[in-house]
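Thanks for making time, everyone. Please bring up the sequence and the structure, and I'll walk you through a few places.

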Amino acid sequence: MTLIVAAAVLAGVGAPYLLPSAGLKPITGAALWLSALLLRAALVLLIALTVILYLPATALFRLATHWCFHAVIPFFTTHLGFSGHRVGDAAALLPGLVLGVSLIWAIFALWRTTRAVRCWLNRSSLGEGPGESVIVGGSEVVVAAAGIRGAKVVVSTGALAELDDQELAAGLEHERGHIARHHPYLTLLGNLAFALARPLPGSRDALDRLRFNLERDADEYAVDRTRDPVALASAICKAAAARQEPTPALAGLGGYGTAARLRLLLDPPAAEPHALAERAGRAVVAALLALVLAAFAITPALARVASIQQSNAAHAETCPD
């Protein structure tokens, strides 16, 4: 059963690349790549757990790492008082330590970014702007959704000066789309999953595709309300010069994948997303989420089997034939 789930997880990692991205709605594409990131994170955790639980029980591992710290690093054990535990005890825990540090660092970075955005708003706010937005000082063209919980649309004085009425309306609707569709929370979850999935090749690409689809979804939200894709494209071009780094706490108008978004706005596809591809995309999302749950569900079984193997190995060492 464990091998079947592991094989299915590996197959699920590559499944999103088999779907035609042009045939999916942006929100379905975002759900697809967020699910792929979660599955990648689950796979890395399974690999780390396998190393921690199973590797120490193998004869080759015990043979290669049976040395004690006092034999390998005598200075530290003699002068600093370290105990003489086997090198293998530390080596087996290394994957979990690396993943834990990566996740803690990602959480700290997100907290620091959110705090910086909050301080920036408190320091730069000049009052209420058009469409219940918040005006901030600055000559750059900044139109953004700031914050995660209780996010607000922010517009700079530079944007008010540079954007005409149609461009400003389209830009504000784009940022309202981020907030209305809960994109900050999806980006936050994607960044946390990426912190764990980083060791797997392709995880950065999956995160970039998630960001791109969220930007496309906000673009479509704005165009559905303004019916003016040209104005939105013009506003994106003017905002792109601000070069803001997209984060969960600050999603700017000139966000990720600007060139591709402009092509889709100014030269939209002739046909709407195909209904069959959309249904297939939703089915793959459901399958990926089911695999994530299955990967975590087999964890107790892995621990139990590993415990039995380690007990048998210890018994074999103490009671040889």
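Leaving aside neighbours within four places in sequence, which residues is Ser-125 in contact with? There are four names to note: Trp-120, Val-134, Ile-135 and Val-136. Before I go on, a reminder that this is a predicted model.

Stay with Ser-125. This serine sits in strand β1, which covers residues 125-128. Is Ser-125 buried, exposed or in between? Its relative accessible area is 36%, so Ser-125 is partly exposed. Now look along the chain to Val-154. Val-154 and Ser-125 are 29 residues apart in sequence, and 9.0 Å separates their C-alpha atoms.

Next, the strands. Take β4, residues 152-156. Of its 5 residues, 4 are buried, so this strand is mostly covered by the cut-off of under 20% relative accessible area. Which strands does β4 pair with? One is β2, residues 134-136: the pairing is parallel, over 3 bridges. Within that pair, Ile-135 stands opposite Val-155. Another is β3, residues 143-146: here the pairing is antiparallel, over 4 bridges. In this case Ala-146 faces Lys-152 across the pair.

β3 and β4 form a hairpin, with 5 residues between the strands. Look at Gly-147 there. Gly-147 takes a positive phi near 100°.

Two other residues have positive phi, and neither is a glycine. His-182 lies in the loop between α8, residues 165-180, and α9. Then Arg-227, where phi is about 55°. That arginine is in the loop between α10 and α11. Arg-227 has 66% relative accessibility, so it counts as exposed.

The largest nonpolar core has 34 residues. Which of them touch the most other members? The list is Val-9, Leu-32, Trp-33, Leu-37, Leu-39, Leu-210 and Leu-288. Several helices each supply at least two residues of this core: α1 (2-14), α2 (26-54), α9 (183-197), α10 (203-226) and α13 (275-297). The largest share is from α2, with 13 residues.

Let me zoom in on Leu-39. Setting aside neighbours within four places in sequence, Leu-39 contacts Val-9, Gly-12 and Val-13, and also Leu-288, Leu-291 and Val-292.

There is also a second, separate core, of 21 residues. Its members include Ile-135, Val-141, Ala-233 and Leu-262.

Now helix α11, residues 229-240, where we find Ser-234. How accessible is Ser-234? Its relative accessibility is 25%, so Ser-234 counts as partly exposed. Compare positions with Leu-266. Leu-266 and Ser-234 are 32 residues apart along the chain, and their C-alpha atoms are separated by 9.9 Å.

Last stop, the surface. Trp-105, Phe-108 and Trp-111 form a nonpolar patch. Together they have about 370 Å² of accessible area. Trp-111 belongs to helix α6, residues 87-124. With a relative accessible area of 49%, Trp-111 is partly exposed; the exposed class needs over 50%.

That's my tour. Happy to go back to any of these places.

Terms used
Residues numbered from 1 in each chain as written. Predicted model: local features only at pLDDT ≥ 70, side-chain atom pairs only at ≥ 80, totals over all residues. Heavy atoms only, no water. Buried < 20%, exposed > 50% of the residue type's maximum accessible area, 1.4 Å probe, protein only. Contact = heavy atoms within 4.5 Å. Patch = residues over 30% accessible without salt bridge, like charges linked within 9 Å, V, L, I, M, F, W, Y side chains within 5 Å. Areas by Shrake-Rupley, 256 points an atom, 1.4 Å probe, with all protein chains shown as cover. Salt bridge = Lys/Arg side-chain N within 4 Å of Asp/Glu carboxyl O. Core = buried A, V, L, I, M, F, W, Y, C linked by side-chain atoms within 4.5 Å. Pairing = 2+ DSSP bridges.
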